[in-house]
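Please keep the sequence and the model in view while reading the points below.

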Amino acid sequence: MARIKGSTLTNGARVAIIGGGPAGSFFSIFASKLARDIGRAIDFTIYEKKTFTNHGASGCNMCAGVVSESLVQTLAIEGVNLPSSVVRWGIESYFFHTQNGSVQIKSSRLQQRGIATIFRGGGPAGSSEQGVQSFDEFLLQKAVEQGAYVKHAFVDEVRLEGDKPILFSGGKILQDCDLLVGAFGVKAGTGRMYEKLGIGYKIPSTIKATQSEIELGSDWIASRFGHSIHIFLLHIPGIKFVSIIPKGDYITISMLGKKTDVEHIKTFLSHPVMKKMLPSGFKIPERFCHCFPKIIVGAARKPFANKLAFVGDASSVRLYKDGIGSAYITSKAAAYTALLHGVGEEDFRKHYLPVCKTLNRDNLFGQFLFSVNALISIVSPVNRSYFKLIQWEQKNLQKDTPNSDILWDMLTGSRFYKDIFFRTLNPWPTIYVLGAMVISSFRKVFFPHMRK
Ligand SMILES: Cc1cc2nc3c(=O)[nH]c(=O)nc-3n(C[C@H](O)[C@H](O)[C@H](O)COP(=O)(O)OP(=O)(O)OC[C@H]3O[C@@H](n4cnc5c(N)ncnc54)[C@H](O)[C@@H]3O)c2cc1C
(Lines give C-alpha, C1' and ligand atoms only; values in the text may rest on other atoms or scores of the structure.)
Protein backbone atom coordinates (compact mmCIF):
# COMPACT_ATOMS: atom_id res chain seq x y z
CA MET A 1 0.00 0.00 0.00
CA ALA A 2 1.27 3.47 -0.90
CA ARG A 3 2.34 5.57 2.02
CA ILE A 4 0.93 9.07 2.12
CA LYS A 5 2.85 11.53 4.24
CA GLY A 6 1.10 14.46 5.74
CA SER A 7 -2.48 13.96 4.57
CA THR A 8 -4.38 16.29 6.88
CA LEU A 9 -7.95 16.64 8.07
CA THR A 10 -9.19 19.84 6.46
CA ASN A 11 -12.55 21.65 6.72
CA GLY A 12 -15.40 19.28 5.96
CA ALA A 13 -13.35 16.14 6.71
CA ARG A 14 -15.25 13.16 8.08
CA VAL A 15 -13.99 11.01 10.93
CA ALA A 16 -15.73 7.75 11.80
CA ILE A 17 -15.10 6.12 15.16
CA ILE A 18 -16.09 2.50 15.65
CA GLY A 19 -16.89 1.95 19.32
CA GLY A 20 -18.37 4.34 21.85
CA GLY A 21 -16.57 2.90 24.90
CA PRO A 22 -14.04 5.06 26.77
CA ALA A 23 -11.49 5.05 23.91
CA GLY A 24 -14.03 6.18 21.28
CA SER A 25 -15.45 8.88 23.55
CA PHE A 26 -12.02 10.13 24.64
CA PHE A 27 -10.85 10.32 21.02
CA SER A 28 -13.95 12.32 20.02
CA ILE A 29 -13.72 14.64 23.02
CA PHE A 30 -10.06 15.54 22.38
CA ALA A 31 -10.22 15.60 18.60
CA SER A 32 -13.34 17.78 18.40
CA LYS A 33 -12.03 20.20 21.04
CA LEU A 34 -8.74 20.48 19.19
CA ALA A 35 -10.45 20.86 15.80
CA ARG A 36 -12.41 23.80 17.17
CA ASP A 37 -9.28 25.32 18.72
CA ILE A 38 -7.44 25.26 15.39
CA GLY A 39 -10.49 26.47 13.50
CA ARG A 40 -11.40 23.37 11.51
CA ALA A 41 -14.95 22.14 10.93
CA ILE A 42 -14.70 18.37 11.08
CA ASP A 43 -17.49 15.86 11.37
CA PHE A 44 -17.09 13.13 14.03
CA THR A 45 -19.46 10.15 14.05
CA ILE A 46 -19.27 7.42 16.68
CA TYR A 47 -20.78 4.02 15.84
CA GLU A 48 -21.79 2.07 18.93
CA LYS A 49 -23.75 -1.15 18.97
CA LYS A 50 -24.70 -1.12 22.66
CA THR A 51 -27.16 0.98 24.64
CA PHE A 52 -25.29 1.77 27.83
CA THR A 53 -28.43 2.62 29.77
CA ASN A 54 -29.51 -1.04 29.55
CA HIS A 55 -29.01 -3.34 32.51
CA GLY A 56 -26.89 -6.49 32.13
CA ALA A 57 -24.70 -7.54 29.20
CA SER A 58 -26.52 -5.58 26.50
CA GLY A 59 -25.53 -2.28 28.14
CA CYS A 60 -22.22 -3.18 29.71
CA ASN A 61 -18.59 -3.15 28.60
CA MET A 62 -17.76 -5.79 31.20
CA CYS A 63 -15.00 -4.66 33.50
CA ALA A 64 -14.29 -4.39 37.22
CA GLY A 65 -15.12 -0.70 37.00
CA VAL A 66 -12.30 0.87 38.98
CA VAL A 67 -11.35 4.33 37.77
CA SER A 68 -7.79 4.93 38.93
CA GLU A 69 -6.70 7.79 41.14
CA SER A 70 -4.58 9.23 38.32
CA LEU A 71 -7.43 9.10 35.80
CA VAL A 72 -9.96 10.69 38.20
CA GLN A 73 -7.51 13.55 38.67
CA THR A 74 -6.57 13.85 34.99
CA LEU A 75 -10.22 13.92 33.97
CA ALA A 76 -10.94 16.63 36.52
CA ILE A 77 -8.12 18.71 35.01
CA GLU A 78 -9.73 18.15 31.59
CA GLY A 79 -12.98 19.48 33.05
CA VAL A 80 -14.64 16.05 33.18
CA ASN A 81 -15.79 15.57 36.77
CA LEU A 82 -17.46 12.27 37.55
CA PRO A 83 -20.89 13.02 39.07
CA SER A 84 -22.22 11.13 42.10
CA SER A 85 -24.73 9.32 39.88
CA VAL A 86 -21.76 7.70 38.06
CA VAL A 87 -19.53 7.04 41.08
CA ARG A 88 -20.92 3.99 42.91
CA TRP A 89 -18.32 4.02 45.72
CA GLY A 90 -15.21 5.96 46.73
CA ILE A 91 -12.15 3.87 47.52
CA GLU A 92 -9.52 4.81 50.08
CA SER A 93 -7.67 1.57 50.78
CA TYR A 94 -7.00 -1.99 49.67
CA PHE A 95 -7.34 -5.13 51.77
CA PHE A 96 -5.10 -8.10 51.12
CA HIS A 97 -6.48 -11.47 52.20
CA THR A 98 -4.12 -14.44 52.20
CA GLN A 99 -3.87 -17.77 54.01
CA ASN A 100 -1.73 -15.85 56.54
CA GLY A 101 -4.42 -13.32 57.44
CA SER A 102 -5.51 -9.93 56.17
CA VAL A 103 -3.85 -6.57 55.96
CA GLN A 104 -5.26 -3.19 55.03
CA ILE A 105 -3.06 -1.09 52.81
CA LYS A 106 -3.41 2.65 52.79
CA SER A 107 -1.25 4.99 50.85
CA SER A 108 0.30 7.96 52.56
CA ARG A 109 -0.09 9.71 49.19
CA LEU A 110 -3.86 9.28 48.78
CA GLN A 111 -5.33 12.31 50.50
CA GLN A 112 -8.98 11.72 49.61
CA ARG A 113 -11.16 9.03 48.09
CA GLY A 114 -9.47 9.51 44.76
CA ILE A 115 -10.37 6.12 43.34
CA ALA A 116 -13.90 5.66 42.05
CA THR A 117 -15.90 2.54 41.25
CA ILE A 118 -18.46 2.69 38.47
CA PHE A 119 -20.80 0.57 36.38
CA ARG A 120 -19.99 0.54 32.68
CA GLY A 121 -23.65 -0.05 31.78
CA GLY A 122 -26.94 0.71 33.52
CA GLY A 123 -26.16 -1.81 36.31
CA PRO A 124 -26.31 -5.57 36.87
CA ALA A 125 -29.06 -7.61 35.21
CA GLY A 126 -32.14 -7.63 37.46
CA SER A 127 -30.96 -4.65 39.53
CA SER A 128 -33.60 -2.28 40.81
CA GLU A 129 -31.16 0.32 42.17
CA GLN A 130 -32.30 3.81 41.21
CA GLY A 131 -30.23 6.74 40.01
CA VAL A 132 -27.33 4.73 38.58
CA GLN A 133 -25.66 6.37 35.59
CA SER A 134 -23.45 4.37 33.28
CA PHE A 135 -19.83 5.57 33.08
CA ASP A 136 -19.66 4.82 29.35
CA GLU A 137 -22.93 6.67 28.69
CA PHE A 138 -21.65 9.64 30.70
CA LEU A 139 -18.47 9.82 28.57
CA LEU A 140 -20.44 9.35 25.36
CA GLN A 141 -22.64 12.29 26.32
CA LYS A 142 -19.48 14.35 26.90
CA ALA A 143 -18.43 13.49 23.34
CA VAL A 144 -21.87 14.58 22.08
CA GLU A 145 -21.53 17.86 24.01
CA GLN A 146 -18.27 18.42 22.13
CA GLY A 147 -20.13 17.98 18.85
CA ALA A 148 -19.87 14.26 17.98
CA TYR A 149 -22.80 12.36 16.46
CA VAL A 150 -23.62 8.94 17.88
CA LYS A 151 -25.21 6.29 15.69
CA HIS A 152 -26.34 3.05 17.24
CA ALA A 153 -25.26 0.53 14.65
CA PHE A 154 -23.06 -2.52 14.39
CA VAL A 155 -20.34 -1.96 11.81
CA ASP A 156 -19.88 -5.42 10.33
CA GLU A 157 -17.69 -4.62 7.34
CA VAL A 158 -14.94 -2.17 6.45
CA ARG A 159 -13.51 -1.83 2.95
CA LEU A 160 -10.70 0.30 1.65
CA GLU A 161 -11.36 2.01 -1.67
CA GLY A 162 -7.91 3.22 -2.59
CA ASP A 163 -7.00 4.36 0.89
CA LYS A 164 -10.49 5.64 1.77
CA PRO A 165 -12.20 3.55 4.47
CA ILE A 166 -15.86 2.72 3.87
CA LEU A 167 -18.11 1.39 6.64
CA PHE A 168 -21.00 -1.03 6.20
CA SER A 169 -23.73 -2.49 8.34
CA GLY A 170 -25.99 -5.31 7.15
CA GLY A 171 -24.74 -4.88 3.56
CA LYS A 172 -25.61 -1.14 3.50
CA ILE A 173 -23.06 1.66 3.29
CA LEU A 174 -22.96 3.75 6.46
CA GLN A 175 -20.39 6.25 5.23
CA ASP A 176 -16.92 6.74 3.84
CA CYS A 177 -14.42 8.77 5.81
CA ASP A 178 -11.07 10.56 5.84
CA LEU A 179 -10.04 8.87 9.05
CA LEU A 180 -11.34 5.69 10.62
CA VAL A 181 -10.66 5.25 14.33
CA GLY A 182 -10.90 1.68 15.62
CA ALA A 183 -12.01 2.00 19.25
CA PHE A 184 -13.83 -1.33 19.24
CA GLY A 185 -11.99 -3.02 22.13
CA VAL A 186 -11.42 -6.77 22.03
CA LYS A 187 -14.67 -8.13 23.35
CA ALA A 188 -16.78 -8.00 20.17
CA GLY A 189 -14.27 -9.65 17.83
CA THR A 190 -14.42 -6.62 15.47
CA GLY A 191 -10.61 -6.52 15.25
CA ARG A 192 -10.54 -9.62 13.00
CA MET A 193 -12.18 -7.49 10.30
CA TYR A 194 -9.09 -5.24 10.24
CA GLU A 195 -6.62 -8.08 10.28
CA LYS A 196 -8.15 -9.12 6.95
CA LEU A 197 -7.57 -5.68 5.40
CA GLY A 198 -3.89 -6.51 4.88
CA ILE A 199 -2.62 -3.38 6.63
CA GLY A 200 -0.41 -5.29 9.07
CA TYR A 201 -2.73 -4.79 12.05
CA LYS A 202 -3.04 -7.65 14.53
CA ILE A 203 -5.31 -7.60 17.57
CA PRO A 204 -3.75 -7.87 21.04
CA SER A 205 -3.56 -11.26 22.73
CA THR A 206 -6.08 -11.87 25.50
CA ILE A 207 -7.04 -14.25 28.29
CA LYS A 208 -10.49 -14.87 29.71
CA ALA A 209 -11.58 -13.36 33.03
CA THR A 210 -14.68 -14.06 35.08
CA GLN A 211 -16.85 -11.29 36.47
CA SER A 212 -19.95 -11.48 38.64
CA GLU A 213 -22.20 -9.03 40.43
CA ILE A 214 -23.61 -10.09 43.82
CA GLU A 215 -26.26 -8.05 45.60
CA LEU A 216 -25.62 -7.62 49.34
CA GLY A 217 -27.16 -4.22 50.07
CA SER A 218 -25.20 -1.03 50.64
CA ASP A 219 -25.41 -1.17 54.48
CA TRP A 220 -23.82 -4.61 54.59
CA ILE A 221 -21.23 -3.62 52.04
CA ALA A 222 -20.34 -0.46 53.97
CA SER A 223 -19.92 -2.39 57.22
CA ARG A 224 -18.01 -5.42 55.88
CA PHE A 225 -16.15 -4.16 52.84
CA GLY A 226 -15.83 -0.49 53.78
CA HIS A 227 -14.28 1.89 51.27
CA SER A 228 -11.78 -0.75 50.21
CA ILE A 229 -11.05 -3.01 47.31
CA HIS A 230 -10.41 -6.53 48.59
CA ILE A 231 -7.80 -8.75 46.99
CA PHE A 232 -7.77 -12.48 47.70
CA LEU A 233 -4.80 -14.79 47.18
CA LEU A 234 -6.22 -17.97 48.68
CA HIS A 235 -4.68 -20.80 46.64
CA ILE A 236 -8.05 -22.10 45.49
CA PRO A 237 -7.39 -24.60 42.66
CA GLY A 238 -7.84 -22.93 39.27
CA ILE A 239 -8.09 -19.42 40.75
CA LYS A 240 -5.08 -17.14 40.55
CA PHE A 241 -6.44 -13.90 41.80
CA VAL A 242 -9.77 -12.47 42.96
CA SER A 243 -10.71 -8.89 43.64
CA ILE A 244 -13.93 -7.59 45.14
CA ILE A 245 -15.01 -4.11 44.26
CA PRO A 246 -17.82 -2.50 46.28
CA LYS A 247 -20.46 -0.63 44.27
CA GLY A 248 -23.54 0.57 46.15
CA ASP A 249 -25.86 -2.41 46.63
CA TYR A 250 -23.53 -4.77 44.77
CA ILE A 251 -20.05 -6.17 44.94
CA THR A 252 -18.28 -6.96 41.69
CA ILE A 253 -16.17 -10.11 41.87
CA SER A 254 -13.39 -10.14 39.30
CA MET A 255 -11.49 -13.38 38.92
CA LEU A 256 -8.44 -14.51 36.98
CA GLY A 257 -7.45 -18.13 36.64
CA LYS A 258 -7.35 -21.10 34.35
CA LYS A 259 -10.69 -21.45 32.60
CA THR A 260 -12.67 -20.06 35.54
CA ASP A 261 -16.45 -20.46 35.39
CA VAL A 262 -19.56 -20.13 37.59
CA GLU A 263 -18.44 -23.11 39.70
CA HIS A 264 -15.24 -21.21 40.60
CA ILE A 265 -17.34 -18.22 41.72
CA LYS A 266 -19.40 -20.53 43.93
CA THR A 267 -16.26 -22.20 45.35
CA PHE A 268 -14.78 -18.79 46.13
CA LEU A 269 -17.97 -17.56 47.84
CA SER A 270 -17.96 -20.70 50.00
CA HIS A 271 -14.33 -20.29 51.11
CA PRO A 272 -14.11 -19.67 54.91
CA VAL A 273 -12.22 -16.37 54.42
CA MET A 274 -14.93 -15.08 52.10
CA LYS A 275 -17.82 -16.59 54.05
CA LYS A 276 -16.90 -14.39 57.02
CA MET A 277 -17.61 -11.36 54.87
CA LEU A 278 -21.09 -12.48 53.78
CA PRO A 279 -24.33 -12.20 55.77
CA SER A 280 -25.06 -15.28 57.89
CA GLY A 281 -27.22 -17.70 55.95
CA PHE A 282 -26.14 -16.12 52.65
CA LYS A 283 -27.13 -18.35 49.77
CA ILE A 284 -25.53 -18.02 46.37
CA PRO A 285 -28.39 -16.86 44.13
CA GLU A 286 -29.64 -19.27 41.46
CA ARG A 287 -29.14 -16.58 38.85
CA PHE A 288 -26.76 -13.66 39.07
CA CYS A 289 -25.22 -11.28 36.56
CA HIS A 290 -21.93 -12.70 35.33
CA CYS A 291 -19.75 -12.63 32.25
CA PHE A 292 -16.44 -13.88 30.85
CA PRO A 293 -14.76 -10.88 29.22
CA LYS A 294 -11.37 -10.94 27.53
CA ILE A 295 -8.56 -9.18 29.32
CA ILE A 296 -5.53 -8.00 27.38
CA VAL A 297 -2.09 -9.48 27.97
CA GLY A 298 -0.26 -8.30 24.84
CA ALA A 299 -0.19 -5.36 22.46
CA ALA A 300 -1.67 -4.94 19.00
CA ARG A 301 0.72 -5.07 16.07
CA LYS A 302 0.88 -1.92 13.98
CA PRO A 303 -2.12 -0.02 15.38
CA PHE A 304 -2.27 2.43 12.46
CA ALA A 305 -2.22 2.70 8.68
CA ASN A 306 -3.12 5.38 6.18
CA LYS A 307 -6.32 7.03 7.45
CA LEU A 308 -6.65 4.36 10.12
CA ALA A 309 -5.79 4.50 13.82
CA PHE A 310 -6.59 2.01 16.56
CA VAL A 311 -6.95 3.19 20.14
CA GLY A 312 -7.78 1.83 23.60
CA ASP A 313 -7.94 -1.94 24.00
CA ALA A 314 -7.62 -2.31 20.23
CA SER A 315 -4.12 -0.86 20.54
CA SER A 316 -1.94 -0.85 23.70
CA VAL A 317 -3.07 -1.19 27.30
CA ARG A 318 -1.30 -1.31 30.65
CA LEU A 319 -1.03 -4.88 31.88
CA TYR A 320 -3.93 -5.79 34.23
CA LYS A 321 -4.33 -2.16 35.34
CA ASP A 322 -6.05 1.05 34.45
CA GLY A 323 -7.37 -0.01 31.04
CA ILE A 324 -9.60 3.05 30.96
CA GLY A 325 -6.58 5.23 31.76
CA SER A 326 -4.70 3.58 28.88
CA ALA A 327 -7.64 4.33 26.58
CA TYR A 328 -7.31 7.96 27.64
CA ILE A 329 -3.56 7.98 26.82
CA THR A 330 -3.77 6.29 23.40
CA SER A 331 -6.90 8.16 22.30
CA LYS A 332 -5.47 11.54 23.20
CA ALA A 333 -2.20 10.75 21.40
CA ALA A 334 -4.03 9.55 18.27
CA ALA A 335 -6.34 12.61 18.31
CA TYR A 336 -3.41 15.02 18.58
CA THR A 337 -1.51 13.20 15.83
CA ALA A 338 -4.49 13.28 13.46
CA LEU A 339 -5.28 16.96 14.04
CA LEU A 340 -1.82 18.45 14.44
CA HIS A 341 0.33 16.27 12.19
CA GLY A 342 -1.84 14.32 9.76
CA VAL A 343 -3.55 11.00 9.19
CA GLY A 344 -0.95 9.34 6.99
CA GLU A 345 0.77 6.14 8.05
CA GLU A 346 4.06 7.99 8.61
CA ASP A 347 2.34 10.59 10.79
CA PHE A 348 1.01 7.88 13.09
CA ARG A 349 4.33 6.03 13.05
CA LYS A 350 6.20 9.16 14.07
CA HIS A 351 3.81 10.69 16.59
CA TYR A 352 1.43 7.96 17.80
CA LEU A 353 3.50 4.77 17.82
CA PRO A 354 6.03 6.04 20.43
CA VAL A 355 3.16 6.45 22.92
CA CYS A 356 2.03 2.84 22.34
CA LYS A 357 5.63 1.65 22.60
CA THR A 358 6.05 3.39 25.95
CA LEU A 359 3.04 1.46 27.31
CA ASN A 360 4.29 -1.81 25.77
CA ARG A 361 7.79 -1.40 27.19
CA ASP A 362 6.39 -0.56 30.61
CA ASN A 363 4.35 -3.77 30.51
CA LEU A 364 7.60 -5.79 30.30
CA PHE A 365 8.47 -4.38 33.75
CA GLY A 366 4.89 -5.16 34.81
CA GLN A 367 5.20 -8.76 33.64
CA PHE A 368 8.38 -9.15 35.67
CA LEU A 369 6.81 -7.61 38.79
CA PHE A 370 3.69 -9.79 38.54
CA SER A 371 5.87 -12.90 38.15
CA VAL A 372 7.84 -11.98 41.28
CA ASN A 373 4.58 -11.33 43.12
CA ALA A 374 3.22 -14.72 42.05
CA LEU A 375 6.43 -16.34 43.29
CA ILE A 376 6.18 -14.57 46.65
CA SER A 377 2.58 -15.71 47.01
CA ILE A 378 3.40 -19.41 46.46
CA VAL A 379 6.58 -19.70 48.55
CA SER A 380 5.04 -19.83 52.02
CA PRO A 381 7.95 -18.61 54.23
CA VAL A 382 8.65 -15.68 51.88
CA ASN A 383 4.95 -14.90 51.70
CA ARG A 384 4.62 -14.94 55.50
CA SER A 385 7.65 -12.67 56.05
CA TYR A 386 6.58 -10.22 53.37
CA PHE A 387 3.06 -10.19 54.77
CA LYS A 388 4.39 -9.50 58.30
CA LEU A 389 6.57 -6.67 56.99
CA ILE A 390 3.62 -4.98 55.31
CA GLN A 391 1.39 -5.55 58.36
CA TRP A 392 3.98 -4.01 60.65
CA GLU A 393 4.62 -1.08 58.34
CA GLN A 394 0.89 -0.29 58.11
CA LYS A 395 0.42 -0.53 61.86
CA ASN A 396 3.51 1.35 63.01
CA LEU A 397 4.47 3.82 60.34
CA GLN A 398 2.18 6.59 59.21
CA LYS A 399 4.16 8.42 56.60
CA ASP A 400 7.12 6.44 55.35
CA THR A 401 5.64 3.15 54.17
CA PRO A 402 7.94 2.33 51.23
CA ASN A 403 7.05 -1.35 50.88
CA SER A 404 3.31 -0.72 51.18
CA ASP A 405 3.62 2.09 48.66
CA ILE A 406 5.14 -0.33 46.15
CA LEU A 407 2.26 -2.74 46.73
CA TRP A 408 -0.23 0.13 46.54
CA ASP A 409 1.15 1.26 43.20
CA MET A 410 1.05 -2.32 41.88
CA LEU A 411 -2.57 -2.70 42.98
CA THR A 412 -3.85 0.65 41.81
CA GLY A 413 -1.75 1.10 38.70
CA SER A 414 -1.18 4.69 39.75
CA ARG A 415 2.52 4.58 38.82
CA PHE A 416 4.27 3.16 35.78
CA TYR A 417 5.69 -0.34 36.29
CA LYS A 418 9.16 0.87 35.35
CA ASP A 419 9.11 3.32 38.24
CA ILE A 420 7.91 0.60 40.64
CA PHE A 421 10.56 -1.81 39.33
CA PHE A 422 13.42 0.59 40.02
CA ARG A 423 12.05 1.30 43.49
CA THR A 424 12.08 -2.44 44.26
CA LEU A 425 15.80 -2.55 43.37
CA ASN A 426 16.62 -0.14 46.17
CA PRO A 427 17.15 -2.29 49.32
CA TRP A 428 17.35 0.64 51.74
CA PRO A 429 13.62 1.14 52.38
CA THR A 430 13.26 -2.53 53.33
CA ILE A 431 16.43 -2.41 55.45
CA TYR A 432 15.08 0.74 57.11
CA VAL A 433 11.73 -0.91 57.95
CA LEU A 434 13.43 -4.12 59.13
CA GLY A 435 15.67 -1.97 61.34
CA ALA A 436 12.63 -0.15 62.73
CA MET A 437 10.95 -3.53 63.40
CA VAL A 438 14.01 -4.78 65.33
CA ILE A 439 14.22 -1.56 67.40
CA SER A 440 10.50 -1.74 68.15
CA SER A 441 10.74 -5.41 69.31
CA PHE A 442 13.81 -4.53 71.40
CA ARG A 443 11.90 -1.69 73.09
CA LYS A 444 8.89 -3.89 73.75
CA VAL A 445 11.07 -6.54 75.44
CA PHE A 446 13.42 -4.29 77.44
CA PHE A 447 11.40 -1.10 77.93
CA PRO A 448 7.77 -2.25 77.86
CA HIS A 449 6.49 0.97 79.48
CA MET A 450 8.12 3.28 76.98
CA ARG A 451 5.74 4.83 74.44
CA LYS A 452 6.53 4.70 70.72
C1 LIG B 1 -12.34 -8.47 33.79
C2 LIG B 1 -11.86 -7.11 33.44
C3 LIG B 1 -11.72 -6.16 34.43
C4 LIG B 1 -11.26 -4.88 34.12
N5 LIG B 1 -11.20 -3.97 35.11
C6 LIG B 1 -10.80 -2.70 34.84
C7 LIG B 1 -10.82 -1.72 35.85
O8 LIG B 1 -11.22 -1.96 36.99
N9 LIG B 1 -10.38 -0.48 35.55
C10 LIG B 1 -9.94 -0.15 34.30
O11 LIG B 1 -9.53 0.99 34.08
N12 LIG B 1 -9.96 -1.07 33.31
C13 LIG B 1 -10.39 -2.33 33.54
N14 LIG B 1 -10.45 -3.25 32.53
C15 LIG B 1 -10.02 -2.85 31.19
C16 LIG B 1 -11.09 -1.98 30.52
O17 LIG B 1 -12.31 -2.64 30.50
C18 LIG B 1 -10.68 -1.65 29.09
O19 LIG B 1 -9.32 -1.33 29.02
C20 LIG B 1 -11.50 -0.49 28.52
O21 LIG B 1 -12.85 -0.81 28.53
C22 LIG B 1 -11.05 -0.19 27.10
O23 LIG B 1 -11.91 0.73 26.50
P24 LIG B 1 -12.18 0.67 24.93
O25 LIG B 1 -13.07 1.80 24.64
O26 LIG B 1 -10.90 0.53 24.21
O27 LIG B 1 -12.93 -0.71 24.69
P28 LIG B 1 -14.36 -1.18 25.20
O29 LIG B 1 -14.64 -0.67 26.53
O30 LIG B 1 -14.40 -2.65 24.99
O31 LIG B 1 -15.37 -0.47 24.19
C32 LIG B 1 -15.47 -0.85 22.85
C33 LIG B 1 -16.83 -0.44 22.34
O34 LIG B 1 -16.90 -0.69 20.94
C35 LIG B 1 -18.19 -1.22 20.63
N36 LIG B 1 -18.03 -2.00 19.40
C37 LIG B 1 -17.17 -3.02 19.18
N38 LIG B 1 -17.27 -3.45 17.91
C39 LIG B 1 -18.22 -2.66 17.33
C40 LIG B 1 -18.75 -2.62 16.01
N41 LIG B 1 -18.32 -3.45 15.06
N42 LIG B 1 -19.72 -1.71 15.73
C43 LIG B 1 -20.16 -0.83 16.70
N44 LIG B 1 -19.68 -0.84 17.97
C45 LIG B 1 -18.71 -1.74 18.27
C46 LIG B 1 -18.52 -2.06 21.85
O47 LIG B 1 -19.91 -2.27 21.97
C48 LIG B 1 -17.96 -1.22 22.98
O49 LIG B 1 -18.90 -0.32 23.49
C50 LIG B 1 -10.91 -4.55 32.79
C51 LIG B 1 -11.06 -5.49 31.79
C52 LIG B 1 -11.54 -6.75 32.09
C53 LIG B 1 -11.72 -7.74 31.00
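Helices (H or I, at least four residues) and strands (E, at least two) are DSSP runs, numbered from the N terminus. The model is predicted, so local features need pLDDT of at least 70, side-chain atom pairs count only at pLDDT 80 or more, and totals for chains, interfaces and linings use all residues. Residues are numbered from 1 along each chain as its sequence is written, and side-chain values use heavy atoms, with hydrogens and water left out.

**The chain as a whole**

- The secondary structure of the chain consists of 14 helices and 20 strands.
- Along its principal axes, the C-alpha trace spans about 80 × 50 × 35 Å.
- Of the 452 residues, 52% count as buried. Buried means under 20% relative accessible area, exposed means over 50%, and partly exposed lies in between (1.4 Å probe, protein chains only).
- Among contacts between residues at least 6 apart in sequence, 74% join residues at least 24 apart. Contact here means heavy atoms within 4.5 Å.

**Helix pairs**

- Two packed helices are described by the angle between their axes and the distance between the axes. Axes are lines fitted to C-alpha atoms, for helices over the stretch in contact, and angles run from 0 to 180 degrees between N-to-C directions. Angles under 35 degrees count as roughly parallel, over 145 as roughly antiparallel, 65 to 115 as roughly perpendicular and the rest as oblique.
- Helix α1 (residues 22–37) and helix α3 (residues 135–145) have axes that come within 8 Å and cross at roughly 20°; the two helices are therefore roughly parallel to each other. Their crossing is left-handed; a crossing has this hand if the near helix is turned anticlockwise from the far one by less than a right angle, and is right-handed if clockwise.
- On the α1 side the residues P22, S25, F26, S28 and I29 meet F135, D136, L139, L140, K142 and A143 of α3. By class, this contact has seven nonpolar, two polar and two charged residues. Ala, Val, Leu, Ile, Met, Phe, Trp, Tyr, Cys and Pro count as nonpolar, Asp, Glu, Lys and Arg as charged, and the others, Gly among them, as polar.
- The axes of helix α10 (residues 353–378) and helix α11 (residues 380–396) come within 5 Å and cross at roughly 100°, which makes α10 roughly perpendicular to α11. I376, S377 and I378 in α10 meet S380, V382, N383 and Y386 in α11, a contact with four nonpolar, three polar and no charged residues.

- In helix α12 (residues 402–412), 11 of the 11 residues are buried, so the helix is largely enclosed by the rest of the structure. Among the buried residues are P402, W408 and T412.
- The crossing of the pair is left-handed.
- D405, I406, D409 and M410 in α12 meet Y417, I420, R423 and T424 in α13. The residues of this contact divide into four nonpolar, one polar and three charged.

**Individual residues**

- S127 is found in the loop between β7 (115–118) and α3. S127 is buried, with a relative accessible area of 9%, and, leaving aside its neighbours within four places in sequence, is in contact with H55 and Y250.
- Y149 lies in strand β8 (residues 149–151) and counts as partly exposed at 48% relative accessibility. Leaving aside its neighbours within four places in sequence, Y149 is in contact with D43, F44, T45 and I46.
- Most residues other than glycine have a negative phi. K302, in the loop between β18 (294–296) and β19 (304–305), has a positive phi near 45° and is partly exposed at 22%.
- D322, in the loop between β20 (308–310) and α8 (323–341), also has a positive phi, near 50°. D322 is buried, with a relative accessible area of 16%.
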